[in-house]
Amino acid sequence: MSEIAADRAAAAQRDLRLDVFRGLALVMIFINHVPGTVYENFTNRNFGLSDAAEGFVLMSGVAAGLAYSPLLRKAPWWPGIGRVWSRVWMLYLVHLFMTAWALAIAAGAALWLGTSHGLRVNEVQVLLREPLGFLVGVPLLTHQLGYVNILPMYAVMLFAAPAMLWLALRRPWLLAGLSAALWFLTGLFAWNLPAFPNAGGWFFNPLAWQVIFVTGLLTGVALRQGRRLVPVRRWAQWLAGAVLLGALLWVRVPPVGDTLNHLMWLANQNGVNRFFTITDKTFVTWPRLIHILALAYLLSTWGWVRRACGAAAAAPLALLGRNALPVFAAGSLLALSCQAIRQAAPPGLALDTALILGGLSLQLLLALVRDRLALKKW
């Protein structure tokens, strides 16, 4: 079988687990982005040390490895690089679109709902305080609004993906080692990309988050070649399960969590670098990284997970996952709208239910329409 035929065969045998879990991550991201509802208590971040963002970036790396690795297998390189970078440009435009609408939602809530809360949070207030710096920082990606700030990190990852893929296809463990070293040094010395006009760096620090993306990328390259990156081993499954159980106890059992948090605080007070003593999202410190890797490994080794993802009940999640970028953009803006409504309306379970179910229904409708239009075009 030729390389082209092999690639087509691999593409035809689409693994629904990737679509379903991306869809599930999008659902949980939307719920988490409407803070304060009762439904927020049931998302995965309440049962471990990572959340849906880590899972989404990991699966984005898998998808990039599956989709783009054949393009970087051999010369000429520029067609493959151009295809990847055209996606980067799309991400940049979508990010600017989301930023503009996030500002419009905050302003609209102040105009028509009588709540100015959205103008005082999520870094929108910088527009009022330093308008010139804000207008420079947004297109340069040095200023990002809360709840719509993950795409810049993903764009940086994808911009570097051609070089990553070239190395992944030839020296995969070298790429893994370089990625782990960069993650470690970034956390140890608090490296980050610059922010302006605010001080500090990016909330989703690409220098740290690349370790999750690269893990997914290497996984996708291996899957494209018909193999697993990490073999299924019973002892590894038990180890991953132990990590997940320990994380569950850490976050759900107060005596355990209080003890572990106190031990980490004592270590920090005695000079241990904060990279080892906190659970930090910006730098993906070790508790978050180990947790998402253990979770991904265990889910990928259970046969019943594959069967469940192929069931009819999982089809809506797969639909969301196949249309991840437009669904994520729409879900983020709907979440900001829901935040504004919750600020203006009397709180209650009925309102929260209407907002969450209504927002998810609109995202599902968007995915369905886009799926049908894409099929018709094909």
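This is a predicted model: local features need pLDDT of at least 70, side-chain atom pairs count only at pLDDT 80 or more; totals for chains, interfaces and linings use all residues.
Local features are taken at pLDDT of at least 70 and side-chain atom pairs at pLDDT 80 or more, while totals for chains, interfaces and linings use all residues. Residues are numbered from 1 along each chain as its sequence is written, and side-chain values use heavy atoms, with hydrogens and water left out.

Let's begin inside. In soluble globular proteins, nonpolar side chains tend to be buried together. A nonpolar core here is a set of buried Ala, Val, Leu, Ile, Met, Phe, Trp, Tyr and Cys residues joined through side-chain atoms within 4.5 Å; buried means under 20% relative accessible area, exposed over 50%, and partly exposed in between, using a 1.4 Å probe and protein chains only. The largest such core has 79 residues, and those touching the most other members are Met98, Leu151, Leu158, Leu175, Trp209, Ile212 and Phe213. Helix α7 gives this core its largest share, eleven residues. (Helices are DSSP runs of H or I with at least four residues, numbered from the N terminus.) A second, separate core has six residues, among them Ala236, Ala240, Ala294 and Leu298.

Now follow α7 to its partner. Two packed helices are described by the angle between their axes and the distance between the axes. Helix α7 (residues 151-170) packs against helix α8 (residues 172-189) at about 130°, and their axes are 5 Å apart. The axes are lines fitted to C-alpha atoms over the stretch in contact, with angles running from 0 to 180 degrees between N-to-C directions. This arrangement makes α7 oblique to α8, the class left over once angles under 35 degrees count as roughly parallel, over 145 as roughly antiparallel and 65 to 115 as roughly perpendicular. From α7, Met164, Leu167, Ala168 and Arg170 make the contact, and α8 supplies Pro172, Leu174, Leu175 and Leu178; contact means heavy atoms within 4.5 Å. Seven of these residues are nonpolar, none is polar and one is charged, where Ala, Val, Leu, Ile, Met, Phe, Trp, Tyr, Cys and Pro count as nonpolar, Asp, Glu, Lys and Arg as charged, and the others, Gly among them, as polar. Leaving out residues up to four places away in sequence, Leu175 touches Met164, Leu167 and Ala168, and also Val214, Leu217 and Leu218.

Next come the charged pairs. A salt bridge puts a side-chain nitrogen of Lys or Arg within 4 Å of a carboxyl oxygen of Asp or Glu, and the whole structure holds ten. One joins Arg22 and Asp19, at 4.0 Å from N to O. These two sit three residues apart in helix α2, so about one helical turn separates them. Arg22 is buried at 12%, and Asp19 is buried at 1% relative accessibility.

Glu54 pairs with Arg288, with their closest N and O atoms 2.6 Å apart. Because Glu54 lies in helix α3 and Arg288 in helix α12 (residues 286-301), the pair ties together parts that are 234 residues apart in sequence. Both Glu54 and Arg288 are buried. Shared partners join Asp51, Glu54, Lys281 and Arg288 into one salt-bridge network.

Finally, look at Glu40, in the loop between α2 (16-32) and α3 (52-68). Glu40 counts as buried because its relative accessibility is 13%. Apart from neighbours within four places in sequence, Glu40 contacts Ile31, Asn32, Pro35, Arg45 and Asn46.
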